[in-house]
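This report goes through a structure part by part. Please have the sequence and the 3D view open while reading.

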Amino acid sequence: MKRYSAFAVVKEAFSYHQGWERAWRSPEPKSHYDVIIIGAGGHGLATAYYLAKNHGLTNVAVLEKSWLGGGNTGRNTSIIRSNYLQPASAAIYELSRSLYEDLSQKLNFNIMFSPRGVLMLCQTEHELRAMKRTSHANRLAGIDTELVGPARVAKLCPIINIDGPRYPVLGGLWQPRGGTARHDAIAWGYARAACAMGVDILQQCEVTGIDREATDSGGRVKGVQTTRGAITCSKLAIIVAGNSGVLAEMAGFRLPIESLPLQALVSEPIKPCLDIVVMANTVHGYMSQSDKGEMVIGGGSDGYNAYTQRGSFHHVEETVRALCETFPIISRLKMLRQWGGTVDMTGDRSPIIGKTPVEGIFINGGWGTGGFKSIPGSGWAMAATVAKGEPDELAGPFGLDRFTEGRMIDESVAAAVAH
Amino acid sequence: MLILTCPNCGAECAETELAPGGEAHLKRFGPGSSDEDFAGYLFERKNPRGVHFERWRHAFGCGKWFHAARCTVTLEVFGTYSAQTTEPPRHIIDAIKAKRPDWEA
């Protein structure tokens, strides 16, 4: 792999920039891999990268039915934060946020991490109290957040309507180290770095079946059938946001997951007016401004199962209405694009990382609406889990068995988040 | 916009008039059942990519529950039917088979 640097740009300029190599190889599938990862999104590629980097496993393939980073990795609103209430979530999301900080240097790929700060508004007494609790929990977990009053909110974000008629702003939970990053670059950066260590990334390679051999308990994985032929493996990692249920059915088990559309939209580009990320959870909308000047807007997910990747019209209306109320300045903005992704929701709104009923198959999914921010931490924990065959300290609480054992990590009521 | 016909009152409703109620025909397991059955009933869901049977409530209308057969990929609706059924009725299965010959119940 040729390193990207200022020197390289100058050097390549002498040969008219014809010398740049492809960022990752497109090899033919081998007949066997130690680990096969299904899904070349952020989480799958991060897992491949940390398997190679932290655990020395390089006979690894990442299979992707379409092109890499074409699912939810390229469809989110790219917000990074870790202000979660429960200790298990705080640990993995904070690791993730901290890994983002120097990821550009580690991957030698500019992911444009911008720690501009994330502000979660408190617009009811109840929300204010819940955020106060979260801020204390964060302090105990070593996460840098603070509860700020309306005056500070107005200073951090002058365009907010502080004294709105319906939901005046009573305060906010401020995480100065949160922010955004370039979402596609995360997938590209991990893909390039993993490929350089010997990982095979096989695009246009859809898994059509999972081969198992019978054992006394649940069976054991043998390999996968794909549109590019059969491939055998020792371990299989299913990391397919939005399709976890489909892959689980191929492997012969069911998950406590339902897949819903979640949509986002961007406005026409305007001059800089919002230099932080603002989430207004009571009215249900969140917004940041991209480097291009577009307002990037997200809202709530649909209420019923669908794999449409577009979502309902009335959710767009609700989201835009909420944001016009919070930011009256945007009321005349035109929206340029609207799109949707399929999010895998679990009952407690926390992800599933760990073993499955089938020996040798591991799963990482159910990140719901919060998958992007967790990519590095999720890949880190998943790689350790796959390499050792047992969940590590980070992944342990997120096992599939937590449902039957009643160890829910209840972020659906705890997270200060638009779920 | 998803439009379903309420089989109870006959109204054609847009999704804003309805409340989704999740997977239909779950078999309830209670006291005396095995742990696996109980966990399956409580947590595990089909979540199919394709034909799906769901519960809906005509929340801003007659207020009654009903069932719908719908494709989760295209949002095509195959029909709606009474909530007082433990499995999809014959005419719904036929309507699905007519449009999706490969589909297996």
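## A loop residue in chain A

Q309(A) is partly exposed, since 17 other C-beta atoms lie within 10 Å of its own. The model is a predicted one. Q309(A) sits in the loop that links β15 (295-301) to α9 of chain A.

Leaving out residues up to four places away in sequence, Q309(A) touches P261(A), G340(A), G341(A) and T342(A). Between Q309(A) and S374(A) there are 65 residues in sequence, and their C-alpha atoms are 21 Å apart in space.

## Confidence in chain A

The average pLDDT of chain A is 93, and 98% of the residues score at least 70. Within chain A, helix α12 (residues 411-414) has the lowest confidence, with a mean of 67. Helix α2(A) has the highest, at 97.

## Helix α2 against helix α10

Two packed helices are described by the angle between their axes and the distance between the axes. In chain A, helix α2 (residues 42-55) packs against helix α10 (residues 375-388) at an angle of about 55°, and their axes are 7 Å apart. The pair α2(A) and α10(A) is therefore oblique. The crossing of α2(A) past α10(A) is right-handed.

On the α2(A) side the contact is made by G42(A), H43(A), A46(A), T47(A), Y49(A), Y50(A), L51(A), N54(A) and H55(A). They meet I375(A), P376(A), S378(A), G379(A), W380(A), M382(A), A383(A), V386(A) and A387(A) of α10(A). By residue type, the contact of α2(A) with α10(A) has 11 nonpolar, seven polar and no charged residues.

## Helix α2 against helix α7

Helix α2(A) also packs with helix α7 (residues 183-196) of chain A, at an angle of about 30° and with the axes 9 Å apart. That angle makes α2(A) roughly parallel to α7(A), as angles under 35 degrees are counted that way. Here α2(A) passes α7(A) in a left-handed crossing.

From α2(A), the residues in this contact are G42(A), L45(A), A46(A), A48(A), Y49(A) and A52(A). From α7(A), they are I186(A), A187(A), Y190(A), A191(A), A193(A) and A194(A). The residues of the contact of α2(A) with α7(A) comprise 11 nonpolar, one polar and no charged.

## Chain B

Chain B contains two helices and six strands. In sequence order they follow the pattern β-β-β-α-β-β-β-α. The C-alpha trace of chain B spans about 40 × 35 × 25 Å along its principal axes.

Of the 105 residues in chain B, 24% are buried. When contacts in chain B between residues at least 6 apart in sequence are considered, 47% join residues at least 24 apart.

## Where the two chains meet

In the contact between the chains, 20 residues of chain A touch 16 residues of chain B. On the side of chain A that touches chain B, α8 (244-251), β12 (257-267), α9 (313-326) and α11 (402-405) of chain A each supply at least two residues. The largest share comes from β12(A), which gives three residues.

The residues on this side of chain A divide into nine nonpolar, nine polar and two charged.

Definitions and conventions. Residues numbered from 1 in each chain as written. Chains lettered and ligands numbered in written order. Predicted model: local features only at pLDDT ≥ 70, side-chain atom pairs only at ≥ 80, totals over all residues. Axes fitted to C-alpha atoms, helices over the stretch in contact; angles between N-to-C directions. Helix = DSSP H or I, 4+ residues; strand = E, 2+ residues; numbered from the N terminus. Parallel < 35°, antiparallel > 145°, perpendicular 65-115°, else oblique. Left-handed = near helix turned anticlockwise from the far one by under 90°. Contact = placed C-beta atoms within 7 Å. Nonpolar A, V, L, I, M, F, W, Y, C, P; charged D, E, K, R; others polar. Buried ≥ 20, exposed ≤ 12 C-beta atoms within 10 Å, placed from the backbone. pLDDT = per-residue confidence, 0-100.
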